[in-house]
Structures are given as C-alpha cells and as structure tokens.
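Please look over the sequence and the structure shown here before reading the report. The sections after it go from the whole chain to selected local features.

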Amino acid sequence: MSDKDCDKESCSALDVVHFKNALKQFQKLVEKKVTQKTEERLGLYVKDDDEIDYDKFYETVQALFGPEIKDCNVKAFFRKISSNLDAKTEWCEIFGYFIVESDAISSQLSEENTVFLVSQKQQITHTGVKRRDVIKGIAKVPHLDFTVTSSQKGVLTVFNNQMRVLATTHVKDTAWVTGCDFLTQLKRVVAVTERTVIVWDYKSKGSQSNCFVIKPMENGLLCVCTVTASDHLAKDNILMGDDGGYVNLLTVTSDDFGLKQSKAKKQSQFHILDSKNFKIVKRKLHDDWVMKVKYISDLNCFGSCSIDSIHSFVLGDIKRLEDNMPVKEFSVPKGVNAFTYCGKSNVIVTGGDDRLLRIWHPNINTKPIGRLPGHLYSVVEIVTNEKDQHVISLSSAKIFRVWDIQTLTPLQVFHDNQESPGEMEIFAMVFDNNHHTLITGSSVIDIYPLTHVIQDTKQVPQTHEKSINVLVYNKAFHQILTVCSESILKVWELETGYQIYQIEDAHGLNIEVTCAAIEEKGFHLATGACDGTVKVWDFGSGQEVKALPLAQHSKDDKHRLLQVVYLKANQSQHVLLVLEQSGKMKIIQGNEVQTYLNVTWVLPEAVAFPRKNPVLSLSLKPDALQTHEFFPDMQLLPDTSSLSNETENFVSSREIKCFDVLKVGGCSLIATGSANGAIILWDFEAASVRCLYNINEDSQPSVPQTPGVNAVLFLVHSAFCSGKIGSLSSTAATVRSDISAIPGQGNTYLNLNKENTRSDEINTQVTTEKDTTMCKNVQYLEKNVSLSKAVMRYSPVLASAHENGYIYLWSIQGNLLKEILPFSKYPSVSLTALCTDISTKVLLAGSKEGYIMRWNIGSFFEDLQNNKNQIKEELCWRAHSTKVVDLFHEEEKNVVVTASIDGSVRLWHATNGYYLGYFGQPRKFELSEISQLILPCDVNKFPTIIKEESKYMEKKKKSEYPLILDRKKWKSLTRSSLVLKKPAHEDVVQDFKFFRALTSPKILRQPLQSFKSGNKEAGVIFGSIPIYELGSPVEESVLPSYQWNEAERSSPTEWKMEPALSGE
C-alpha cells in the first residue's frame, strides 16, 4: 500500500468520526427543540437567548453538515418536529431522503391523531339520486341544520341533521342540474341547469310540490350560490357563473312566485316563468368557464374562479357587477378550479390544474403568501374546517389531503376506493361545521367523521389501567393529580388534558397510595399509603422532600391512611392531618431541621353520647388556644351526672370513613363521618364535641336514623370568609376569657344559640360563685343579640352524604337544616362524593352508580334562618358506569372533573353536563366547544335538566280524577245489545279504586298486587282494565280521601266526587 492510499484511508476515518459527532450534536439539537416546543404548549417556557427558532436551527445544521444542505429540506424537517412532537424522525431527512408517499399514508392512518377516521365512514346510497345518476351539488344550511343535494338528473333532496330525507322532488322537464343552494329569506331551494333556474318549495307536502322554472338564460349555468347578507325579508340575491365567463346576479322576491296563489292549488305544478321579467345583472369577469362562485360574508364580497390563466380568481363587491368598476384579479397558471376562505386566518386558498394550493391574503393579489405542494393530480374541490383551521383539498384521483393552515403542514392523506371504476369521481364536497363531518357526493353520499368525535363515542376512556384512588386539583397551577391502585401518580394540565409527568411506585414497590392533598399555594404535595407512610413532594418537579418512615408504624391494615389534609406548608414547616382506617386522626409535621416527619397530635376518641343531649365537653390545657397554632391538646370530660340520669346512650362508631376541617372566621372545627351514621363535630373554639344524628321517637335506643356517612363537607358563605362578621372571633374569645377565670370551668360549652344554652345547663352544675360569673356572661350575650343573629345568618354549614342517597345540611350548633334527596325515578343510591364551587352557590354530588347531581344552593345560603329558601336541583347526568371516587368544580373554566373506579378521569361542562373528553386522550381539550352532545361509550343516558314544575315532590296542583266513566254518554254511543244497569253502592266504590290509584304521584317501592281482573258491567273498554290495590307506606304522605256526595248518589246516570281536604 502506498503512502497516498494510507493518507486517503486516514482522511476517510477522520471524516467518519467527524460525521458521527455531527449526528450526535444534531440529535441533541432536535431534542432541545422538542423540549422547547413541549414547554411552549404547556405555557411553561420562558424566552431567553437559547431559544431555537428556524434561523438558528438552519445555521446550526449548516455548521454541522456543511453548505450542501438544502434550505427546503431543513424547512420541511423543522416543520415536522414543530407540528408533531411525537413524529419519528431520521437524520437522512435533512439530506432530502424522506419516506415514500404510500408509507406516509399508511403511517398517518395508523396514528391516533389523524383528522378523519376513514374506517368509520357512513354511506348513503339510493337516496337523492336515480339509477346512473350522480350528486352534482351539496349545500349546508347552518341556521336550519339542513343539507341540500341536487343530482345531475334533477332530483332535489333536503336532509335533516340526522341525514334523513326531509323532502325530495324530481324535476323532469329540465336539462342536467349543475348546482344548488338555499334561499335564506324565501326558505326555498334553488338549483341551476344549462339554461334554467329552478326554485323549489321544499315545505310543500305530498302531491302539492311547487317548482318554478325561470328560463331561458343566455349562457349555460355552471354554478350557483346565494347572497346571505340580504336585509330584505322577502328578497334573495342569487349569484350564478356560466360558460361564457359571466357572473350573473338574479334578484327574486316573494311576489315573483305568487306564493299566496300557489298555496291554494292542490296539485303539483311546474310554473314556467320568463327570465325577462326578472332583474338580472351580469358582468364578464373571466375569459373561460366560471367553475365556482361563492359569497364570502366576512369580507362582504363575492369570489369567482375560472380555468383562465390571467383572470383566474376574482374578488369584489356585488355592486361591481352593476357599475363595472375594477375588481381584484388573481392570476394563477392553468387557472383555478376551486377556492375557499378561512375566516380565522383571513386567507383564501385556491387550487387548480397545476396541483398546487396557493394561499392568498384578500388584499394582496400580486403574490401568494404560501404554497402547499403535494397533490399529484388536479385539485377539484377545497373546503375549510373553521374550528380547527384545517383545509381539506380533493384531487381528481379522489385523494384527500388535510392541511394545517396556520403551520402550512400536511396532517393527513387518505383516499377512498369504490368498488366499481365508474364511481371514482367526486363532484361535490362540503364540510359540516355543526356536526364536524366531511360530506362528499358522487353516485353515493359519503360522510367522514372527525377523529375526536369517534374517540369520544367509541373508545373506552382510560386515564389509568387500574381503578382511581385519588383525584386532587391544584388551583394555583390549574393542574390535577390522579393516583391509581397501582400507585402510578400522574399530573395533568386541566385546560389541554396533556400529561406533564408521572411517578411510579411513589411509596415503594407494591405499596398502594391511598390518599393525597395539595397545599393552598400549590407548591407541595402530600401522599399517604396503605402502610401508614406519608411523603411530601415538590409538586413542580415531582421530587420527594420529606417522609414519615415506616418504623413508627406496623404493617397492620388498621394503619391504612384514608384521607390527608394540608394544614400548613412552606419551606420551613409542613403540617398534615391524616385519618387512619382504625379511626385515629393525627397531626404529622416536620421542619427544615428534621429529616423525617413526626406525629405531634392525636385526636381523642369520642366513646358515648347522651341520646337526648349528645354533647360532651373538652378540657383544654392552659393558654392552649392562644399558644397552639392548629388544634390544642385536650381530653374529654363527660358529665357523669348527666350520663347517670340517661338510660339510653348512643355509642358512636370508631369506624370513621371521612372528615373535613374548617379554620376560618374564628371557627376551628373538625367533622368526622362514621359507618353507622354518626357525625362527630369537634369545636375547639367552644371546647366541645357533639354528635349529629336524627332519631325518631319510635326508633330503638342507640340506633341512629341517619345511615352510613360517605363524605362530609363544610360549606362556608363568602361573607363569612371575607371578614364582614369578623367580630365573631373576638366575641367568642371574650366569653372564653371570662369563663377561664372560674376554676374548673374551662370546659363549659357556651354558644350564641338559645337551644344550646339550655342544653349546657343540663350538662353543667354551677355553684353560687359560678352563677355570678355566668350571669355576667349572660348579660354580655344579651347585649350582642343583634350580632349573634348576623353570625347565624352566614354561619358555616356542614353537608353530609349518606348511604341512603340523602344529603343532610347541619348547622355548626348541631341542628338539622335541610334534607336533600336527588330527583330520580329510580330508587335512591348511595352518594360517595361532595364538592362545591368557590362562591358556595353550587353543590355537586357523585353516586355509587356513576351519576352526578347538581343543586343551586345560593338562595338557601343567603339566609339560613329563612325556611322558605329552597334548594333547587338543576341537573343530573351519568358520568360513569361505576362508582364515582371524587369530583371537583372549576369555576373559572366552568367544568366538572370526575374520577371513578373504572380507571377514567373525565371532563364535563358544568352547566349542561356535556361530555368534553377524558384525561389521557390523544387530542387536546376544547372547553369552548359544547354545541355537540356526545357521550362516552359506556354511558347511554343523556343529561337531564330538572325543571321545578317537573318535580313530583313539589307539585301542589290539585286535579280531579283523570278518568271518570259517564255511563249515560257511553250508553248513547254503544250500538250493541249490552244493557248497562245501575250498579250497587259496593260496585261503585270498587270500580273507582283504579282511578284513586292513578292519582298517586309517589314512586312505588313495591310492585302492585292485582286482586280483581275487571268488571263486566263497566263495559267493553273499562271492564277489561285490571284493578290494582295500592299500599300506603308509613313514610309516604297519604292522599286526600274522596267521599261521595250523598245528594248526587240518587242520579242513575252521573256521579260526582268531592275531596275531603281535612288537615290542609
């Protein structure tokens, strides 16, 4: 080997090493650009000097690979990674080696984010067309939600929003139809042929179909459209393009068709009208055929296109057709076959035989602002999807291409193969913005749905593979946290639905995360697990900050954490309140000095309460309320004298299932709910603990009427939180300071409520010295009666959701304010979750069967002491097919997020219950789009808007029997030999038991029992009706009893009944 060959090999080796290093740097550049684009979409990116735009990207690529890199290849690659962050990229694409078109089509069709789902195409055959006929024109009527089609052989059809035929007619005595549209003012269909204009009244039924044929026209008409900006109620303007290059303007009114005369005629007639009697204005704008003419209402002008290379596209006002003033002309090689206008982007897209899509600004006709190459055949149709800013173009080879008009990138390419070669050509295409479908017309009508519509209805929503345990909302960052039973923690963006990050095995391998909480500022997250461990995380980065180790707990299931609440969080201290399955509630906290979290406070266990007065007092440590930051150290001091006099006590269950905390406006409360229905209210400001439940007089001792509690929630009026009645805390503090001066009386329960004051007198025995001090306090309270009323008006309310489907509203003094039962025709089901909005005007509940109920509680909270204020149920919808784990209401976005054990977290519109999507879907949320009502695949019931008059519980209308048998009238109408005799008194009462049963508006909990098959003497019809016996449960109200009027009994032919309304 020569020295020259050795030099060549060494140089080639150096080149290979250099190229490999360049590829590594190029890969880092692409990854940095993708990361930047991802942060931009999430709104987390902050612009700096390292921002990568196209110029910087192009300069870096040229520096790596040399000047041989072409600008067009770099630009195509840059657009690809900018528009689709998940797209597969190869370094060879920089040098112009791209995937072949067939592979690109198949790969795009297999992706989940394709625009149209071709596999779900719907096809309408033999409707609107005859044999060997084709659809030549399709027009959408947005305000009526109609679709109008015209076939080549004269079949005009109007479809409703379900694409079912609403009206159709066949024009026999005309030539081929070339297009159609709808007259918005006259409410008629217009179609054009080679020499005539047809106006059809689609509302005429049966044989009374009326068509008006205007002829002759000078040139062959090729296209038609209507001017939608007409202010005259009985006048429409029609634009038509012909084969002579003219654009014609035809003005029609209701008088031209003699609408009043045509309605009087019974038979179908085709009225021939002379075109000379109409006002027709025309102007030659093109030197060849006018292919399309459209009116653009946003620009207040019309547009027409032609295959003429000089006057290819013309844009101008309608007045220019009369005054012959200059119009804007756009020149395109080989002319323009079709065009469309994008309102949001304010651009016009044209396409023709040169196979290019050109993008024009309406005011600039010298040069297009963009070009979209890709079609291999002539472009014949172009339509716009305004909502998504997509342009759909169709070539003569029946190839569809979808473009993003903002990024000028192709999104999808698909083709539609018919069985026979004669069905290859498509003559008309329109996009339905109301239903998000693409409609094409050939020998059949094809309907292509958008992918996101199919995904929302056909695909099973799945946020996690396993059931959801936790759903928490970060109000500060507008992000949500979800945790499944496999301990996979995911954080999502609420507005878009994109996943930000996830943490697997947060508490260790095979350790289930059972609860979580986010502090108010949103910077920290706390999680609890089945083994009792607690961890604190940095919410933004997902990094662990502190933990409560397992060493302080055993692996027994009783230490399983059910709920956690953040009390305080900052860089120096974290304080959490947790609930264990054993019923213990603890405060866990740690500071910056401590490595681990520690248990610092335990809530005492309330054992037994007197049945008549379920209140126990607390003993607080000296100055505990002033020095302790959260809840003071204490112990229960039950009044032994009160308990000894009580023969019946209620033992609260230690199986606590839920709790809620309220520390605002001078209140320091903890409410817990148990499996046996007991609600324990700890009031640390009043130094008392109270058990809330209802007991009937007939109930057994120590058995509460209230069923098991699944959720509790404090409802606080905004006036209470804003400090308008802030004197409450100072008043309570003054009273406590006076009481604490008495030895041994720091545990006395005082309240502004008179009923509770009486109950405290039962539980407390006071000496003479104590009586003196108590009198002073009573005098002090009497001076603040007006203040107490204001406090009671906006005092917090505790809401509890129960197993029997009820929601109970309690005052913090222990009084039951309201019982709420969801309106449903089905038996009540268990409620599992509660939430409210920021202003406490809406209450939402989730049930065991997946239903969501919404109540309006705004008027009720304005004045709690006014019993006339009602709580109105407004909406009910089924969100899941299984149990709802949790939900929350986002007031700013007006959405509701629900989580279920089915593994999905779904988004709903809060006002009407419309389904918006689920977290984990490939497409972005569209929170503003609620025009289309869609449902998930596992839900088949639409939302129910509950009106006040439809509630059977609130119906007060007194109506008579719905059916009363008039024997005299029946006898006069009967021609048979059946003789109706006067029945005995017993038969009369027996006959009308059936009608008394019909008046009951209550839901029957038990099936009816038939005891008589009918009565032959009642006649043919009424005698065959079975008679049923209705039971009268104790809990249901008894209907008013009806008595027969003795004065009317003597009449053999007519009876009357009077309701006895005693007790009303």
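## The chain as a whole

The model is predicted, and the values given here should be read with that in mind. The chain has 1064 residues, of which 48% count as buried, and its secondary structure consists of 19 helices and 66 strands.

The accessible surface of the chain comes to about 52,800 Å², with 50% of that area belonging to carbon and sulfur atoms. Among contacts in the chain with a separation of 6 or more, 54% are made by residues 24 or more positions apart.

## Aromatic rings

The structure holds 19 aromatic pairs, and one of them is formed by Phe 414 and Tyr 448, a tilted pair with 5.5 Å from centre to centre and 50° between the planes. Because Phe 414 belongs to strand 26 (residues 409-415) and Tyr 448 to strand 29 (residues 445-449), this pair ties together parts that are 34 residues apart in sequence. Both Phe 414 and Tyr 448 are buried.

Tyr 806 and Tyr 808 form a stacked pair, with 5.9 Å between the centres and 10° between the planes. Tyr 806 counts as partly exposed, at 25% relative accessibility, whereas Tyr 808 is buried, with a relative accessible area of 8%. Elsewhere, Phe 313, Phe 330, Phe 339 and Trp 360 form one aromatic cluster.

## Lysines over rings

## Strand 12 and its partners

Strand 12 spans residues 246-253 and is mostly covered, with 6 of its 8 residues buried. On one side of the pairing scheme, strand 11 (residues 235-242) runs antiparallel to strand 12 and is joined to it by 7 bridges; within this pairing, Asn 237 has Thr 251 of strand 12 as its bridge partner. Strand 11 and strand 12 form a hairpin with 3 residues between them, and in the turn Gly 245 has a positive phi of about 85°.

Strand 12 is also joined to strand 14 (residues 279-284), again in an antiparallel arrangement, by 6 bridges. Here Thr 251 stands opposite Lys 279 of strand 14, so that Thr 251 is named in both pairings, with Asn 237 as its partner in the other.

Asp 432 is located in strand 27 (residues 428-432). With a relative accessible area of 4%, Asp 432 is buried, because this value falls under the 20% cut-off. When its neighbours within four places in sequence are left aside, Asp 432 is in contact with Lys 140, Thr 437 and Ile 439.

Ser 881, by contrast, is found in a loop, the one between strand 57 (872-878) and strand 58 (884-890), and is partly exposed, with a relative accessible area of 34%. Residues up to four places away in sequence not being counted, Ser 881 touches Glu 849 and Asp 938. The C-alpha atoms of Ser 881 and Pro 936 are 10.0 Å apart in space, although the two residues are 55 residues apart in sequence.

Methods. Residues numbered from 1 in each chain as written. Predicted model: local features only at pLDDT ≥ 70, side-chain atom pairs only at ≥ 80, totals over all residues. Heavy atoms only, no water. Phe/Tyr/Trp six-rings, centres within 6.5 Å; stacked < 30°, edge-to-face > 60°. Helix = DSSP H or I, 4+ residues; strand = E, 2+ residues; numbered from the N terminus. Buried < 20%, exposed > 50% of the residue type's maximum accessible area, 1.4 Å probe, protein only. Contact = heavy atoms within 4.5 Å. Pairing = 2+ DSSP bridges. Areas by Shrake-Rupley, 256 points an atom, 1.4 Å probe, with all protein chains shown as cover.
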